[in-house]
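Please read it with the model open.

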Amino acid sequence: MMSKIHPDQIKHKGQGKAGFDLFDLAFRPGFLGASAFSLIALSLWLFILSGQVSLPTQGLSSLVWHFHEMVFGFAAFVALSFLLTASQTWTQLRSLHGKPLILWCLIWASVRILLWQESVSLQYLAFGLQLVWWLIGIGFLAQLLYRANNRNLMLLPLLSIMMLVNMGIILADLAGKTELALHFGRTGVLLFALLAGVLGGRLIPMFTRNGTKALPLAAKVIATPRLTKLLIATALINNLYAFIYPFFEFALVPGFIMILLGSLQLIQLYHWHPRASLQVPLLWSLHLTYGSLGLGFICLGASFFTELIRFADALHLIAIGAIGGMILAIMSRVSLGHTGRLIQSAPLMSLAFLTIFIAALARTFLPALGLVIEAWQVSAALWIGAFALFILHYSSILIRQRL
């Protein structure tokens, strides 16, 4: 049963202790586990591409596995862990912790292992457990938000659609419909881009305004309520249109909507005074990810009109630069704030933020130069380096109780 807690109890819980506290809130095992898993998943992907490792013949195809694990094994784990943590602050109700949190994490880990088993039954068991994992996470979040009548209830339909798309990927590929599964995978990336856009639109201007107040160049953040509404509406239309487009013949290709969406995002970013963010790594990293989101959608749209850039390559500018970069920046900030530490980035994390952005550029633009294999290898290596730096700096912070 969830109990009502005072904000000060949240902020100062465990102050002065230095013990083990990995399962006190979802962000701790979620951030650490997802980051470590991304290193494993991308290393395996490089071995798969080189022919040194192969997936079970009865399981997911290699490209679908890569899509699924990076989007729904890595990004979804971070996203739900963040939301389950933030919801405690939003609602002042105790969030998922202790044994239920351990069970939730064990289910997540079990799915990752079962997808490598040479058995159709175990593959479908992985499907069932992935569904249970989603239902526990969304269900607990829904309880918190409904009890507090919190405005973030709007996130529940989006998370539910993500869950359905996730289930569709596994079922389609296990049924031999790999192209349909890949379409669901691309849809999953666009859904996460929508979530990143919504959360970024709320958090980045607030963080920028508050984080530069006492600095020589205080950010002049301009509120854009009409533009924000237009952005959300355009993003929703884009996601729906991009999903149904392959099944019907339309005269209007999604490229026009994607270029419009990306342009609107860059216009909104301009209103957040990105130049002021250059003073603070935990701010310019967020601005860089939102810029990657806008540029990524413009490149996605351009892929419909030119052969210079492929849709799959442009999608990685969003997947790596926007989603991966925002995850890295948010994890770095939340891990400090929710453990009672000064919200100040370590020098190594500035290198990590730059590394993930370079990884996005390499994966997106090197194929246009004929360096396809090199694009995969370089971007994966840079991602591994960036998240290894996060684990190196934050593992002890995430494991121990707050200061």
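1. E69 has 0% relative accessibility, so E69 counts as buried. The cut-offs are these: buried means under 20% relative accessible area, exposed over 50%, and partly exposed in between, with a 1.4 Å probe and protein chains only. The basis is a predicted model, in which local features need pLDDT of at least 70 and side-chain atom pairs count only at pLDDT 80 or more, while totals for chains, interfaces and linings use all residues. Residues are numbered from 1 along each chain as its sequence is written, and side-chain values use heavy atoms, with hydrogens and water left out.

2. E69 has a charged partner. The side chains of E69 and R112 meet in a salt bridge, at 2.6 Å from N to O. The term stands for a side-chain nitrogen of Lys or Arg within 4 Å of a carboxyl oxygen of Asp or Glu. E69 lies in helix 3 and R112 in helix 4, so the pair ties together parts that are 43 residues apart in sequence. Helices here are DSSP runs (H or I, at least four residues), as are strands (E, at least two), numbered from the N terminus. R112 counts as buried because its relative accessibility is 7%.

3. Next, the other salt bridges. A search of the whole structure finds five. One of them joins R94 and D24, with the closest N and O atoms 2.9 Å apart. This pair links distant parts of the chain, 70 residues apart. R94 sits in the loop between helix 3 (62-91) and helix 4 (98-114), and D24 in the loop between helix 1 (7-12) and helix 2 (27-49). Both R94 and D24 are buried.

4. Within it, D313 bridges to R310, the closest N and O atoms being 3.2 Å apart. D313 has a relative accessible area of 3%, so D313 is buried.

5. Now the core. The largest nonpolar core holds 134 residues. A nonpolar core is a set of buried Ala, Val, Leu, Ile, Met, Phe, Trp, Tyr and Cys residues joined through side-chain atoms within 4.5 Å. W104, W134, F192, L328 and F387 touch the most other members. Helix 3 gives the most to this core, with 17 residues.

6. W104 deserves a look. Leaving out residues up to four places away in sequence, W104 touches A26, F77, L80, S81, L84, L96, W133, I136 and G137. Contact means heavy atoms within 4.5 Å. W104 also belongs to a cluster linked by ring pairs, with F37, F72, F77, W108, W133, W134 and F192.

7. Aromatic pairs total 25 in the structure. Among them, Y241 and F250 form a tilted pair, 5.3 Å centre to centre with 40° between the planes. Y245 and F250 form a stacked pair, at 6.5 Å and 25°. Rings of Phe, Tyr and Trp (its six-membered ring) pair if their centres lie within 6.5 Å; planes under 30 degrees apart count as stacked, over 60 as edge-to-face and the rest as tilted. Y241 is buried because its relative accessibility is 14%. F250 is partly exposed, with a relative accessible area of 33%, and Y245 is partly exposed at 22%.

8. S335 is found in helix 12 (residues 311-337). Its relative accessible area is 0%, so S335 is buried. Beyond residues up to four places away in sequence, S335 touches F27, F31, F390, Y394, I397 and L398.

9. L252 is in the loop between helix 8 (225-244) and helix 9 (255-270). L252 counts as partly exposed because its relative accessibility is 40%.

10. Last, R186. R186 is placed in helix 7 (residues 178-211) and is partly exposed at 23% relative accessibility. R186 touches F67, E179, F311 and L315, not counting residues up to four places away in sequence.
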